[in-house]
Amino acid sequence: MSAPTATPVSFGRRAGRALGDDRMRAAIARGTGLMVQRRHEAIAELRNADELRDAASVIRAAALQRLPELLERWSDNLGALGGHVHWASDADEANAIVAGIVARRGAKVIAKGKSMVSEEIHLNDVLERAGADVVETDLGEFIQQLAGEPPSHIVAPAMHKDRFEVADLLSADRGAPVSPEITAEAAYARRRLRQAFLDAGVGITGVNFAVAATGSICLVENEGNGRMCSSLPPTHIALMGLERIVADFDELDVMLNLLARSATGQALTTYTNIITGPRRPGEVDGPEELHVVVLDGGRSAVVGTRFSPALHCIRCGACLNVCPVYRQVGGHTYDSVYSGPIGAVLTPLLKPTDPAARELAEASSLCGACTEICPVRIPLHDLLLQLRHRDARADASRLRRAGFWLWSQAWSRRWSFGAMVLGARVVLPLLRRLRWLPDIGWLGAWRQGRELP
Ligand code: SF4
C-alpha cells in the first residue's frame, strides 16, 4: 500500500479539499455516528465502566514505568517457547528484519492482517520492491489496497467509502461486475482472499497486546483473517509497538473488556487470538516459525516525559469517532498513519523533526470530547494544548515573544486591563460599523466565518 505522501500542502488546504467531498463526508458521518452509538450502548452495559477505565489508565501508566522489565520478561518467555523477538529502533531496521525473514523463507506471497505498525514503517512498499506479492486480508485494508490509499481510520480503514465505491473497486479487481450489496462484496472478497491464505509463505499481523507473564501475544479482530494469517502460513511475523505490553492476563482482561466496546461496541471481538509460541510437536496448526518485531520508532523518547500518556493508547479509534474535526474532514486530511485526536498528538511526538507533523496539534477545537471518551483516560486535549505551547515557545520570534510578554503584563494589572476593556468598548462599535477587517495573514483567516462581538 502506498505511503501517505510527503506533500507540502498544509492541513488547512487538505481540510478545504475534504470539506468539498460530500460523498466522503456522508460516509464518515454515517460510520462514526454508528460507532459512537454502539460504543455508548456497550459501555452502558458495564456496571463498573468508570472503575474499569480508571484501572486501565493505571495499568497502562504502570506498564510504561516498568517497560524494560516487562519487555525483557515477555521476550525471555517467548524465546523459551521457541519464538524469536527482534528489536528495531526505527522503520528501516524493522523493514530490514522483516524483509530478511521473508527472503530466507523464500516466500513469494504474503498474507497480511491489519497492522498499524506496518503502515507506520511502510512495510508493503519495501516487500513489494523486493518482489513479494503482499495481500491485505482485512476487508477494509483490502479495499484500501485496491484503491492505492492508506487507511483513513484506525479501526475501519475504508470508512470513508460507500458501498458503491467499494463495488467499483472490487469489480475492477475481478474484471467483472460485483453487486454493490454488502453481502455480495464480502462474498467476493472472501473467495478472492482464500487463495492468498493458502499460497502465503509468510503471514504478517499486528499485535494488540503482549503478555509478559507468559510470552504470549494477543490479536483481536472480527473477520478471522488475523487467525488465518497467524496459523496457516509456515511463518508468522507479528509487528508490535514497544509500548503494547501488559504484565499478565488479569491486566489483559481489563484491556479487552474496554477495547472492543470502545472500538466497535462489542463486548468482545469475534476472534480473540492468544498466541503463545510457534506450533509445538503434535499440534495440528500454527506456524513453524514465529517472529515478533518490536518497534521503538521514537516511542522510548516519549516515555517518562509529560507526553508519556499518549503511549497509553490501545488504538480503539473512539476519539476519532467523536472528534468534530475528524468527523468533517476524515482521516486522509491528517496525512499521517494515525489520524484524529490521537494522531494529532502521536504524529508530532513520533516524528519530532517533521514540520508537517507539528501543525496537526492545531487541528483540534479542544472541545475535550476525545478525552471524555478515551477508555484509558488519556488527556488528549490537554496534550494537544501542551504541544501547541511547546511549539509556540520554540517557534516564536523575538518580536512575537515581546508582544505576548507585553500583553501578559497588561492583563495581569487591574488598571491596564480595565483600560483595555474600556478601549475595546470604544473601538469595537466603530469596527462593527465599518464591517470590515483587513483580509491579511492570520487576521484574515480569523475573521472568515466570525462576527465581531
Ligand atoms: S487515544 Fe484513547 S480513544 Fe483514542 S484511539 Fe487511543 S485509546 Fe482509543
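Residues are numbered from 1 along each chain as its sequence is written. Because the model is predicted, local features need pLDDT of at least 70 and side-chain atom pairs count only at pLDDT 80 or more, while totals for chains, interfaces and linings use all residues.

The protein chain is divided into two parts, domain 1 (11–295) and domain 2 (401–447). These bounds come from an automatic or database domain assignment. The C-alpha centres of domain 1 and domain 2 are 51 Å apart. Alanine 44 and arginine 414 are separated by 370 residues in sequence and by 48 Å in space, C-alpha to C-alpha. Alanine 44 belongs to helix 2 (residues 22–44). Helices (H or I, at least four residues) and strands (E, at least two) are DSSP runs, numbered from the N terminus. Alanine 44 is exposed, because it has 10 C-beta neighbours inside 10 Å. A residue is buried if 20 or more other C-beta atoms lie within 10 Å of its own, exposed if 12 or fewer, and partly exposed in between, with C-beta atoms placed from the backbone.

Two strands pair if DSSP finds at least two bridges between them. Angles run from 0 to 180 degrees between N-to-C directions, and axes are lines fitted to C-alpha atoms, for helices over the stretch in contact.

Strand 7 (residues 235–241) is largely enclosed by the rest of the structure, because seven of its seven residues are buried. Both of its faces are covered. Thr235, Ile237, Leu239 and Gly241 are buried on one side, and His236, Ala238 and Met240 on the other. Strand 4 (residues 202–206) runs parallel to strand 7 and is joined to it by five bridges. Threonine 205 has alanine 238 as its bridge partner in strand 7. Glycine 206 stands opposite leucine 239 in the same strand 7. Strand 10 (residues 289–295) also runs parallel to strand 7, with seven bridges between the two. Here methionine 240 is placed opposite valine 294 of strand 10.

A further open sheet has four strands in the order 8-5-6-9, with mixed pairing. Strand 8 (245–246) and strand 9 (271–275) are the edge strands, and each pairs on one side only. Strand 5 (residues 209–211) and strand 8 run parallel and are joined by two bridges. Alanine 210 stands opposite isoleucine 245 in strand 8. Helix 12 (residues 249–263) packs on this sheet. Helix 12 touches strand 5, strand 6 (216–221), strand 8 and strand 9, and its direction makes about 165 degrees with that of strand 5. Two residues are in contact if their C-beta atoms, placed from the backbone, lie within 7 Å.

The shell around the ligand holds 15 residues. Cys313, Cys316, Cys319, Ile342 and Cys374 come nearest. A residue is near a molecule or strand if its C-beta atom, placed from the backbone, lies within 6 Å of it. The shell divides into 12 nonpolar residues, two polar and one charged. Ala, Val, Leu, Ile, Met, Phe, Trp, Tyr, Cys and Pro count as nonpolar, Asp, Glu, Lys and Arg as charged, and the others, Gly among them, as polar.

The loop between helix 17 (369–373) and helix 18 (380–395) contains arginine 377. Isoleucine 378 also has its place in the loop between helix 17 and helix 18. Isoleucine 378 is buried, because 23 other C-beta atoms lie within 10 Å. Isoleucine 378 touches Pro309, Ala310, His312 and Cys313, not counting residues up to four places away in sequence. Serine 308 is 70 residues from isoleucine 378 in sequence and 9.6 Å from it in space, C-alpha to C-alpha. Arginine 377 is partly exposed, because 19 other C-beta atoms lie within 10 Å.

Most residues other than glycine have a negative phi. Arginine 377 has a positive phi, near 55 degrees. Aspartate 335, also not a glycine, has a positive phi of about 50 degrees. Aspartate 335 lies in the loop between helix 14 (326–329) and helix 15 (340–350). Aspartate 335 counts as buried, because it has 22 C-beta neighbours inside 10 Å.
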